[in-house]
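Trainee: Could you walk me through the aromatic rings in this one? I am new to it.

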Amino acid sequence: MKSALRRYRRHFGWLLLVSFVMAVAMGWYTFAYEPNFFQSTVEIYALPSGDDGKAQYDAAASDMLARDARQLLKDPALVNEVEEKLSPDTLEGMRIWLEPIRGTHILRLTARGTDASLCQTAATAMSVVLMEKLQTVGDMQSVSVSKGAQLPETPAGPRRVLKTLCAFGFTLAGLSLLWFLFGWRSKRTYLEDAVLQDMGVPVLGGISDHRSDLPAFFSKKGSKYRILSDYVNRSTLEDVRALSFAVQSYSQGRSCAVAVASCHTDEGKSSLLTLLATELCRQGKRVLIIDMDCYAPSQARLLRTQGRADLVDYLAGEVALERVIQSAPVKDLFFIDSLHTESYAAQMVASEGFRFFMETMYVEFDYILVDTPPISLFSDAIALGSVLDATLMIAGEGRVKTTELAQAISRLKQVGNRVIGLAFTYVKPKRAKEYRDYEHQRNAAF
């Protein structure tokens with residue numbers, strides 16, 4: 001239940017937006033199409049009879065007096081008398097009601113319609129006929145008008161504001177009910193849910209949402225030597241630094257080859273791998289990135305460079321190793337591009353050349369990070385993870401279901417893959433404002 005409430009809070013903004021749109025639509029409809037209504041009121045003073053055995057009404061019995069008067073108001077004979085004094089269509093569309101003023105002998109008769117003058121005329125005519133009936137049928141000692149009908153100058157309705165608020169409230173309540181009936185079943189995985197649940201692997205943390213930084217990075221085509229980490233915010237870099245500490249703690253100072261995998265596309269796997277490699281290089285480590293995602297290679301764009309050959313060419317004996325490994329615009333960072341559109345992961349893993357290549361890379365580099373295709377679509381990550389040291393699982397917050405993520409981790413473990421942990425991307429940057437405030441205070445101090 002707590003997990004469902006947390007997910008409801010995340011979608012509450014959208015529910016409010018839809019409810020607001022419905023309220024605006026209702027308000028526009030009422031103001032544009034519903035007519036203005038006027039109402040005119042007459043106050044009738046009815047004095048009860050004396051102690052002669054007839055009906056008695058005191059001030060405390062004002063509700064009883066109004067009830068009996070309403071019965072007279074519904075009498076067809078009374079309506080016919082009023083229509084005789086007015087034109088036949090005067091009462092058409094007119095609403096007339098009677099209510100008491102509590103603690104008094106005053107009855108308030110109100111006529112409501114779309115024409116102000118007709119409301120006044122109908123209220124006056126109805127009050128005259130009603131007073132005659134009260135004196136004869138109700139046995140009143142005296143009946144008089146304490147306040148005559150006035151010509152209404154301003155509309156008395158409809159209650160447009162009330163209708164607009166009701167539209168907002170009912171829409172929000174209805175959408176919330178539908179969400180609790182159907183929406184919670186989607187069970188998208190979020191960072192805080194994964195921490196509380198047992199995913200089978202440790203949750204290493206979350207990386208702030210840097211979707212707005214990627215368009216800025218790709219639009220700067222002339223900035224050849226500026227890399228992705230130059231465009232992300234400070235909170236994102238701090239999250240990546242914490243993730244790099246977790247990877248180094250796993251390796252314990254030894255050379256380590258890690259496959260970076262995800263369940264689906266567009267979960268920030270490749271961009272996070274680039275940021276992680278850059279951070280490790282800034283800490284004095286030599287890092288090699290191998291782009292094995294032949295279906296959607298992206299490391300060349302993220303590193304602003306282009307490979308001349310890939311690992312498939314080297315293992316086939318067509319090019320030398322020095323031609324495959326390219327230097328990146330970061331000190332001690334190198335990468336191998338993916339130029340083939342067909343996967344050869346299974347063949348490469350089984351070949352002796354790949355094992356010799358990995359042994360050579362262990363000597364040359366501290367960390368080898370392998371970018372793999374999504375696990376839900378292809379089995380490359382599972383095949384590569386079986387010969388590498390470990391696998392780092394990436395999940396986009398709110399973009400993958402819990403069952404899918406658990407199934408992917410289970411598939412990795414079934415073939416002997418060692419999963420370092422789970423890192424979330426596209427987490428809301430809650431600390432971004434704190435960093436900006438801290439920098440402002442520091443600059444003000446100096």
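Mentor: Helices (H or I, at least four residues) and strands (E, at least two) are DSSP runs, numbered from the N terminus. Residues are numbered from 1 along each chain as its sequence is written. This is a predicted model, where local features need pLDDT of at least 70, side-chain atom pairs count only at pLDDT 80 or more, and totals for chains, interfaces and linings use all residues, while side-chain values use heavy atoms, with hydrogens and water left out.

Trainee: How many aromatic pairs does the structure hold?

Mentor: There are four aromatic pairs, where rings of Phe, Tyr and Trp (its six-membered ring) pair if their centres lie within 6.5 Å, and planes under 30 degrees apart count as stacked, over 60 as edge-to-face and the rest as tilted. One of them is the tilted pair of Tyr 314 and Phe 357, with 5.9 Å centre to centre and 55° between the planes.

Trainee: Which helices do Tyr 314 and Phe 357 lie in?

Mentor: Tyr 314 is in helix 11 (residues 311-315) and Phe 357 in helix 14 (residues 352-364), so the pair ties together parts 43 residues apart in sequence.

Trainee: And is Phe 357 buried or exposed?

Mentor: Phe 357 is buried, at a relative accessible area of 0%, where buried means under 20%, exposed over 50% and partly exposed in between (1.4 Å probe, protein chains only). Phe 357 also forms a tilted pair with Phe 354, the centres being 6.3 Å apart and the planes at 35°. Both lie in helix 14, three residues apart, about one turn of the helix.

Trainee: What do the ring pairs link into a cluster?

Mentor: They link Tyr 314, Phe 354 and Phe 357.
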